[in-house]
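Please look over the notes below with the coordinates open. They go point by point.

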Amino acid sequence: MAFHRPAFLRFITLLLLFGLSACATTPGAASPSASTADSAQPASAAASGEPPAFPVTVTDDAGREVVVSAEPQRIVSLAPSNTEIVCALDACDRLVGVTDFDDYPPEVADVDDVVIAATVDVELVVAAEPDLVLAAGNELTPTAVIDQLDGLGLPVLVLYPETLDEVYADIQLLGSALDRGAQADSLVAGMEERVADVVAAVDGAERPLTLYEVFHAEGTTYTAGEGSFLASLLELAGAEPLTGDAQGVLDAETLVAADPQLILLGTASYDPSLADAETALATVSARPGWGELDAVRDGAVVPYLDDIVTTRPGPRIVDGLEALARAIHPDRFDPDR
Amino acid sequence: MSATTAVPSLAFGPSAGRSALAIGGGALFVLLAAVAAVTLGTSGIGAGDAVAIVVHRLTGLGPVTWPASAETIVWELRLPRVVTGMVVGAGLACAGTVFQALLRNPMADPYIIGPAAGASLGAVVALLLPVATAGWLGIGLVQALAFAGGLATVLVVLAVARGRAGTPVVTLLLAGYAISSLLSAGVALLIFNSGERLAAVIGWLLGSLAGSSWPRVAVAAPLIVISFTLLLLRWRRLNALLLGEGPAAHLGIEVEREKRILTVLAALATSAAVAVSGTIGFVGLVVPHLVRLVVGPDHRLLLPASLLYGAGLLVLADLGARLAGGVPVGVVTALLGAPFFLWLLRKSVTGVGDRR
């Protein structure tokens, strides 16, 4: 089966891209001002004289109409970003199943894992007796598994936001499904405000052509895909993103020809050997062709330790945006914060 | 079936006692594997409950003392998987036995003349089509195209390999190899361009019983069971073919016709198996050898025994795969079976075992 080889390499890469974004607790991976003020609000939005919220019909990111018949009491989350949204809406105590990648907020460590090593254990999902399952799109939760859970009569919502607006929309979608509309609205308002602050802070600054390294192997760099969420965040953070193809693949020739001015090593979030700026610079200059890049010659190679919040499309994506903006335009931000 | 009377008795197999032991042992193995696979799982349902649930669903007897989720897990998740494992394992082992006899090639397995490559291409095309794949009765486009691709490939190989003087075995093997390579190149090209569907594609190619469901069992199992039943009935002709095509013809076998019938039946079982489980290796290659080392080459015994041990082995391997967090079942079949097979092989070449 000779045809397995290149595919397997890319498969491993995918696992690395999606898998690693959760299992690492990198020393120094600061999560600045993580909990928003909104999440501290009391969970009593449904209390006063409003019409009964259930059953409610919502349309998920896969375009499926899902009826939530009563307020969900037992929620299974199949992606860390979904978990973070649920918890930011004060429904953390409703979670009865999460993934083994889940690391935020800390209390989800006590919830049983139903996704282990990126594989959904359908038996464990059913055993958790959920009344709402939150899947991820784009095959992060395999379509076959979603179909299977559907077939077993479990209400499955597929969430796969690909822009900031879609993150907001998904938070509001869960706000409707969990009868926490007010919390969702104020959470989104707080996020929008912080995004506006970032945009204002980098306004008018020069926009460096920036390579964000998601992964690197054998001369091929994986970076923000063309039109991807990550590319849009880089733009908001005041950079001109150097994008790869739709999957983020960038070969060495294209990279050298494009000659980025700034390189953010997202890989440093998972590879401690890249966390030190000097070592990282030495490592990347040794790669074929990289020694001649402007960014490398100028020493503009930054170990970036906030990859998890930058690539996890939940409420903390704003932390990621702020971290990006600080890394790209340190002069525009108060260094003490 | 008309030739049956013309064929003299070719029962050169072992004694009745040994036969009963092989078949009885095989049946017991399947049963124990099935009970283990139904009662064990990641969710910790008690073994007693699991058995009670199956009994309750089959007979309506007994009080319901378990949560509804336990019943879903045992009846909708575990049992269809066990049944799929049984028929797929049986079908692959049976097809492997037939190809080894037909092609007189010890390296022959169910996939040797192309059904796996054809099925893979069909499945990958379906996985990459921008349409919903759930489909009718849980039989998605993936399963349908995999089955069609597997069967069509074998028919094309047969047609290509057929000359004026029949279908020489070497030509069949080489044509199968060439067409497999061609189709695999297509699969590789599609994999390269599969983008975010890559994980789904690789997952299918590695083989898994995780998607098993009653509707899929209902469609695939009859195809496989009919194929291997018809193959079992042709044990005399397979024994005759073991002697070589010339001697088989002298014994009254229509060799060319028989080769085509056996190939199509084995391909039918293989394609249906691959359609519901992906390409699971090892079972179809090694189980026939393993059983042959013990019971000898008489297909009257070899076919049913291979079928039973193939069924049991795949059910056990899938249980292992499930408990190990969903690793590909083909990995487990090899991990479980290869050391045992090597041990048997050593035993037989060092003369300790009974080599017939």
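This is a predicted model: local features need pLDDT of at least 70, side-chain atom pairs count only at pLDDT 80 or more; totals for chains, interfaces and linings use all residues.

1. Size of the interface. The size of an interface is often given as the accessible area lost when the parts come together. Here, chain B and chain A bury about 2300 Å² between them. Carbon and sulfur atoms give 65% of that area. The contact draws on 31 residues of chain B and 21 residues of chain A.

2. Two salt bridges are found between chain B and chain A. Glu123(A) forms a salt bridge with Arg322(B), with the closest N and O atoms 3.4 Å apart. On the chain B side, helix 3 (68–102), helix 6 (169–192) and helix 7 (198–206) each supply at least two of the residues that touch chain A. Helix 3 of chain B has the largest share, at six residues.

3. The three-stranded sheet of chain A. This sheet is open, with strand order 10-11-13 and antiparallel pairing. Which strands stand at the edges? They are strand 10 (215–217) and strand 13 (249–251) of chain A. Each has a single partner strand, so one side of each is left without a neighbour in the sheet. From one strand to the next, the twist averages 20°. Three bridges pair strand 10 with strand 11 (residues 220–222) of chain A in the antiparallel sense. At residue level, His216(A) has Thr221(A) in strand 11 as its bridge partner.

4. The four-stranded sheet of chain A. This sheet is also open. Its order is 12-9-14-15, and the pairing is parallel. Strand 12 (240–241) and strand 15 (301–303) of chain A are the edge strands, each pairing on one side only. Strand 9 (residues 209–213) and strand 14 (residues 262–265) of chain A run parallel and are joined by four bridges. Thr210(A) stands opposite Leu262(A) in strand 14.

5. A helix on that sheet. Helix 12 (residues 317–328) of chain A lies across strand 9 and strand 14. Its direction is at about 140° to strand 14 of chain A.

6. A loop glycine in chain B. Where does Gly46(B) lie? It sits in the loop between helix 1 (16–39) and helix 2 (47–59) of chain B. Gly46(B) counts as partly exposed because its relative accessibility is 37%, between the 20% and 50% cut-offs. Trp66(B) is 20 residues from Gly46(B) along the chain, and their C-alpha atoms are separated by 9.7 Å.

Methods:
Residues are numbered from 1 along each chain as its sequence is written. Chains are lettered from A and ligands numbered from 1 in the order in which they are written. Side-chain values use heavy atoms; hydrogens and water are left out. Buried means under 20% relative accessible area, exposed over 50%, partly exposed in between (1.4 Å probe, protein chains only). Two strands pair if DSSP finds at least two bridges between them. Axes are lines fitted to C-alpha atoms, for helices over the stretch in contact, and angles run from 0 to 180 degrees between N-to-C directions. Contact means heavy atoms within 4.5 Å. Buried area is the accessible area (1.4 Å probe) that two parts lose on being put together, summed over both. A salt bridge is a side-chain nitrogen of Lys or Arg within 4 Å of a carboxyl oxygen of Asp or Glu.
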